[in-house]
Amino acid sequence: MNILTVEHLTKSYGEKVLFEDASFGMEENDKIGIIGVNGTGKSTFLRVIAGLDTPDEGRVSVNRDTRVRILPQNPEYDPEASVLLSVFQGGGPELEIVSSYMEAMELLELLPGDEELQNKVSRLSQEMDKYQVWGLESEAKSVLSKLGITDFKRKMGSLSGGQRKRVALASALIIPSELLIMDEPTNHIDNDSVAWLETYLQKRRGALLLITHDRYFLDRVCNIMLELDHGRLFRYEANYSRFLELKSEREEREASTEQKRQNLLRTELAWIRRGAKARSTKQKARIERFEKLQSAKSEYKNDSLDISVASTRLGRKIVEIEGLYKKAGERVLIKDLTYTAVPGDRVGIVGPNGSGKSTLLNMIAGRLEPDQGEVALGQTVKLGYFTQEHQEMDDKQRVIEYIKDEAEVVTTADGSRITASQMLERFLFPPALQWTPIAKLSGGEKRRLYLLRVLMGAPNVLLLDEPTNDLDIQTLGVLEAYLDEFPGAVFVVSHDRYFLDRTVDKIMAFEGNGIVAVHVGDYSDYEERTQGMGTSHFGGNGDGGTGNGDLRRAHASGASSGSSASSEGTGASSAGGSTQSVRSEKLKFSYNEQREYEAIDGLVEAAEQRLSGIVDAMEAAVSDAVRLQELMKEQQEAEAELERLMDRWAYLNELAEKIEKQRNS
C-alpha cells in the first residue's frame, strides 16, 4: 500500500538549488536511506517531506491513515521535564495520557496529601486502563537503557547534547507511527547501541526514511537508496552495497555520454571555424546542432575530494603513555594504562558513552592532566586534533578567512604548492561559497571545513574524536584513503563500525572499572573475540542480497566442500584401512563430470550475462514498481544459479588439478 507520494519537489536557498523536480513514492514496508554530500539538502529534504518546511514547487501527499514521526538532527526539548516524561510528550492522545499520568505522579510524590492530585491520578489510571498503555512506561525505560540513559528522573536541561538526542530517539521509537523519519540516528550513540538500534529497526513494522553516514547500518537496514546529487534525485532498489555498484555504472554511462558530446562538439567546432556557409537548409541545421551541443547542460559531474597534504617528519618517539590513572568524581575512568605508539599506528578507541574515550584523547593532547601517570610526546610530534565540537569557529568569519588562519599556501604530498582557495575547491567549496560566513554553512559543511583546517596544519599524529559525526559518506571515503597514505600515528574514537574496520589495526577498549585493554585487529575482530558475535554480524548485506565479499567466501566454501566431495566420490578406505590407501587410489572424472568440466566456463559466462541483463532491465524499469518486483525475483534466481555454477566450477577445477598432479607424479 502506498503511504506517501513526493511529486516534483524543488527547493533553493538563494542561487543554490538543493533539489529540483524530485519525485518518488513509498510503500508501507519500504526502508529508505538518503545519501549525498554535505550541503546538498538532505535534512531540508526530510523536513519538507515531514511538513516542517515548504518546497518552492511540488507537493507531498501522505495517506490519511499514515501517522508520521520525525527525529530531527537537533531535537527541541523542555529543560525542566524529566527524561521519562520527555519520551511521551507530543505523541498523540494515548501518550498524552501517559505523560499526564507520569507528571501527576511526580507532583504527588512532592505533595502526597493533595486530595485533588490523588483524584487526578485515579482518573488518569482509569484512562490508562482504557487505552491499555501501562506497558509503554516499561518499554520506554527499556529503550532508554539500551541507549545508555538510566537516570529516568534527571532533568533534560542537565543532559549533554548527545544524551538529549538519545532521549528523542527513544521517543521516536516507542511512539507508534506508520512512517518513521530519522536524521542521523546513529550520531552520539556508542557501538553497542548502534548494533541494537540496527536490529530494532530491522524488526520494526512500518516504513522508514532516514539519513545516516553509517554504511553497515545502511547495508543492513535499508532496501532502497535515494541519492541527492547536484540537485537531482536518483532512486536505487538496493541496499548500500548494491547501490555502490549501480551508482558506479550510472556514472560510467554519464561519463561516456559526456565524452561523446565533447567529441562531437569538437568536430562541429572545427567545421564552424573552417567557415560554414549557412546558405543551405542542411548547413543551417548543422549550425543549430552545434549551438544546441554547446549550450547543453552536462549531467556528468566529477567532483572528488583531494586531501593529499604532506605531513611533518616524525621522529622515533611518538606517544608514550605510562601508568595513566584518571577519575571523574568517584568513578574511575582509566586505571594503570600503559601504551607506546609506533610509526604507522592505527588505534581505534571504543567503549560505552561516558566511559572516558574523549578524556583519553584530551590527555594525549595535553588539554587535561591525568591524576596519576604521564603522557609524553616526542619532540617532533605535531598534533592534529579533530574534536567533536569545533568551538574555535567564529560564525561571523568567512570560510576562506578561517582556512587562511591556518595556512595561506600548503604543500601537497607530491611537492606542489596550492593556495587556500584552491584547497577549498578540492573540498567542494566553490569560489562563491568561500566568501560565505560560516554561520550559513550546514552542520556537515562545517565539519568538512574543520577537517580541512586540521589536515592543512600538516600534522604527523592525528587525534580524531568521532570524525564520522555529520560527515557525508563521500568525505569519509576520502578521509579513509588519506589515512591509508598517512605516515604518522592515528588515534580515533568512533562508533562507526565500518570506519573502524576500514582504518584501524588495533582496538583500545574501555571495558569497565577503569580497565582499558588493547586488542590487535580491527573492530570486527575485536567483537568476534570478546563477544562471540561472529563476523557475519558486521559483514552482512542486510537485505538478503549477496555482496562481493560474501560471494567470494561462498566460492571458497564451495571449493572446500568440493575437495571433500572429491575424496568421497573416488572411493573410501575400508574399515581399519590407512589414509595412504585413499591417497594411492587413482583419481579420475566420471563421464558426466568430464562433460560438465568442458562446459562449465561457458555456463558461468552465460549466467553472468543473464544477471547483467537483468540489472540493466531493473535500471530501465525504475519507475515501474510491478516490473521491478518481477525483475528482483529474477535477479535472486540468477544470483543463486550463478553461485551454484561457481561452486561446481571450483570443485571441478580443483579435481582437475589433482588429477593432473597425480598423472605427473
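Residues are numbered from 1 along each chain as its sequence is written, and side-chain values use heavy atoms, with hydrogens and water left out. In this predicted model, local features need pLDDT of at least 70 and side-chain atom pairs count only at pLDDT 80 or more, while totals for chains, interfaces and linings use all residues.

**Exercise 1.** Find the strand order of the open sheet of six strands, and name the strands at its edges.

*Solution.* First, the ground rules: strands are DSSP runs (E, at least two residues), numbered from the N terminus, and two of them pair if DSSP finds at least two bridges between them. Walking across the sheet, you get β5-β6-β7-β3-β8-β9, with mixed pairing. At the edges stand β5 (68-71) and β9 (232-236); each has a single partner strand, so one side of each has no neighbour in the sheet.

**Exercise 2.** Describe the partners of β7 and decide whether this strand is buried or exposed.

*Solution.* Take one partner at a time. β6 (residues 179-183) runs parallel to β7 (residues 207-211), and five bridges join them. Along that pair, L179 has A207 as its bridge partner, and D183 sits opposite I211. On to β3 (residues 31-35): this strand also pairs with β7 in the parallel sense, over four bridges, with I32 opposite L209.

Now for burial (buried means under 20% relative accessible area, exposed over 50%, partly exposed in between, with a 1.4 Å probe and protein chains only). Five of the five residues of β7 are buried, so the strand is largely enclosed by the rest of the structure. Check both faces: A207, L209 and I211 are buried on one side, and L208 and L210 on the other.

**Exercise 3.** Work out where K11 lies and what its side chain reaches.

*Solution.* Locate K11 first: it lies in strand β1 (residues 2-13). With a relative accessible area of 8%, K11 is buried. Then follow the side chain of K11, which reaches the backbone oxygen of T54 at 2.7 Å. Finally, list what K11 touches (heavy atoms within 4.5 Å): leaving out residues up to four places away in sequence, the neighbours include F19, D53, T54 and P55.

Notes
Polar contact = N/O pair within 3.5 Å; in protein donor to acceptor, adjacent residues only side chain to side chain.
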